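The stops below are given in the order in which to select them.

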Amino acid sequence: MTQSTEAIALQVTTGPVQLTLQLHHCLDSCTDGPAVLLLHGGNTDSDTFRYPSGGLVRYLRKKFDVWLLDWRGSPRITDPYIDARPDISLLDERQHYNLDIVSAHDIPMALTEIRKAIGAKRKLSLLAHCLSGPAVCLAISRGTLKPFNLDHVVLMTLGLFCEVPWNGWLKAENFILERVIGDAHAECRGISPRRPEAWPDEMSRAYAIWPKPWLPTGDAFLERLSFLIGQPFARARLHPELLEVGYEKFFGHLHLGLYMHAAQIVRRGYVAAFDAPDVVDRSRVRRREGAKARALRDLDAQHFRELDVTLVTALQNQVWHRDSMDLMYEWLRNQGCHRVNKTVFAGYNLQELLWGRDAHKDVYPTLHRALGLEPD
């Protein structure tokens, strides 16, 4: 699975938060073909696209110039930052560690670097998996990505709208994360399924009383991960290589800023700015006319009409219900976005779209076509 890759460090400072993101250029890909940037989920890293046996990167590299970004949701970025114990209040920090910041800084920085390398005329596309999808959509809605002249956008499992299985909705409605910030462990900046001993008391107590039949059994790590975000895969449907290398290594801290933004999306049902008033203080929405309209300002289809958009999800997705993409599709079509397609894969869960036993036969060709070229 060896791949020749050039790593480019991107220094980003947003308020008091200073990070070094990692942009990777796959040098053994088709470096004169259309470029594509792959964006991972909220607590996984760019290697999620490299498995099994080279993964989606290997499948695309014959015809595409492949780039990957470890944005601030990656354990490569978040884990060292949290371990350094920055001298910043969490209340301040989470204002600079959410999807708004990812859409305004992380993604544009990477695209700027790629455009420098490939020039202004070569085609450039985006593929966003899981929680990076809402960040991409916010950037599109706000016109942030217009200067990069994108060609195709592929959203895997999540876009501007959100429906979750009922047990995921229950955790969001219980405001567990808000209570974490309010308890004695207010110094907690992120929660990792690999470090249960560091979980704040509110999270540990909720996990202890969570009904075990709602979680997968026989794998302590997968149980914890499924409690935190919903079950992203079934072991039995994974490619054997993921069991051999240990899928635990792909998951790390989910920063509380990103985690809380995701919970707000779940409660609201659509993406808006972090701490939008219709979620944080619902009484203000009732009292102040216009608050709802301000929360809806990111549901603007203008810039989507200029793109070829493909929505991909899984019928057995237990993190983001497939209705999330059904709603996105209907909204785009109703808003006059006619270059939009949707594919729902039966027999797949969220992460299995990349790691499933037959993903290279079932899913990868669809992604290849969605980026504008027929596979061999």
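**Cysteines, a strand and a helix**

Select Cys337: at 4% relative accessibility, this residue counts as buried, where buried means under 20% relative accessible area, exposed over 50% and partly exposed in between, with a 1.4 Å probe and protein chains only. The model is a predicted one, in which local features need pLDDT of at least 70 and side-chain atom pairs count only at pLDDT 80 or more, while totals for chains, interfaces and linings use all residues. Residues are numbered from 1 along each chain as its sequence is written, and side-chain values use heavy atoms, with hydrogens and water left out.

Next, select the cysteine sulfurs. A disulfide is taken as a pair of cysteine sulfur atoms within 2.5 Å, and by this rule the count comes to zero. Cys337 is in no disulfide, the nearest cysteine sulfur being that of Cys137, 11 Å away. Move to Cys130, which also has a relative accessibility that counts as buried, at 12%. Its closest cysteine sulfur is in Cys162, and the 10 Å between the two sulfurs is too far for a bond.

Now select residues 124–129, which form strand 5. Helices (H or I, at least four residues) and strands (E, at least two) are DSSP runs, numbered from the N terminus. How many of the residues of strand 5 are buried? Six of six are. Leu124, Leu126 and Ala128 lie on one side, Ser125, Leu127 and His129 on the other, and both faces are covered.

Look for Val36 opposite Ser125. From strand 5 the chain passes through helix 5 (residues 132–141) to strand 6 in a right-handed β-α-β crossover: with the strands pointing away from the viewer, the path from the first strand over the helix to the second runs clockwise.

Finish at helix 4, residues 99–118. From first C-alpha to last, its 20 residues reach 27 Å, close to the 28 Å expected at 1.5 Å a residue, that is, 1.5 Å times one less than the number of residues. At the N-terminal end, Asn98 is the cap, with a side-chain oxygen 3.0 Å from the backbone nitrogen of Asp100. Just after helix 4, Gly119 has a positive phi of about 90°.

Conventions. Pairing = 2+ DSSP bridges. Polar contact = N/O pair within 3.5 Å; in protein donor to acceptor, adjacent residues only side chain to side chain.
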